[in-house]
Amino acid sequence: GAAMEHLAKAEIRNISQSVEMYNVDNGSYPTTEQGLQILVNNDRGQKYLDKTPNDYWGRLYHYRYPGINNPVSYDLWSDGQDGIEGTGDDIVNWRE
């Protein structure tokens with residue numbers, strides 16, 4: 001529903017802030033392979049997030065760097081309620 005979507009958008013903003021802080025500290029965004037886990041566990045012992053975030057439907061957020069939709073930065077998204085990537089209920093960081 002709309003409330004879940006609103007919460008997921010807010011969470012994507014929060015995760016994005018953590019990704020940006022990582023970028024400032026390390027001089028680059030996490031790679032796709034490192035994923036969001038690097039924000040929780042990394043060899044510098046810096047915690048940008050308390051735990052790897054799941055969306056409100058219990059699935060991991062997707063992260064990709066460099067992004068396809070954000071080629072100069074990264075793509076961050078949830079598959080939304082239906083759990084299927086690329087459908088209308090996805091919650092993404094490349095469109096409002």
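In strand β3, V92 is the bridge partner of W77. The structure is a predicted model, in which local features need pLDDT of at least 70, side-chain atom pairs count only at pLDDT 80 or more, and totals for chains, interfaces and linings use all residues. Residues are numbered from 1 along each chain as its sequence is written, and side-chain values use heavy atoms, with hydrogens and water left out. Helices (H or I, at least four residues) and strands (E, at least two) are DSSP runs, numbered from the N terminus.

**The sheet**

- Three strands form an open sheet in the order β1-β2-β3, with antiparallel pairing; two strands pair if DSSP finds at least two bridges between them.
- β1 (62-64) and β3 (91-92) stand at the edges with a single partner strand each, so one side of each has no neighbour in the sheet.
- Strands of a sheet pair through backbone hydrogen bonds, either parallel or antiparallel.
- Three bridges link β1 and β2 in the antiparallel sense, and Y63 has L76 as its bridge partner in β2.
- Strand β2 (residues 75-78) is joined to β3 by two bridges, and these strands run antiparallel; S78 stands opposite I91 in β3.
- From β2, D75 and W77 point one way while L76 and S78 point the other way, and all are buried (under 20% relative accessible area; exposed is over 50% and partly exposed in between, with a 1.4 Å probe and protein chains only).

**Aromatic pairs**

- Rings of Phe, Tyr and Trp (its six-membered ring) pair if their centres lie within 6.5 Å; planes under 30 degrees apart count as stacked, over 60 as edge-to-face and the rest as tilted.
- The count by this rule is five aromatic pairs.
- The ring centres of W77 and W94 are 5.8 Å apart and the planes are at 65°, so this pair is edge-to-face.
- Because W77 lies in strand β2 and W94 in the segment after β3, the pair ties together parts that are 17 residues apart in sequence.
- W77 is buried, with a relative accessible area of 5%, whereas W94 is partly exposed, at 26%.
- One aromatic cluster is formed by Y29, Y63, Y65 and Y74.

**Helix α1**

- Helix α1 (residues 2-26) has 25 residues, which at 1.5 Å a residue should span 36 Å; its end C-alpha atoms are 36 Å apart, in agreement. The expected span is 1.5 Å times one less than the number of residues.
- The buried residues of α1 include A8, I12, I15 and V19.
- The cover over the buried residues of α1 includes β1, β2 and β3.

Note on methods. Contact = heavy atoms within 4.5 Å.
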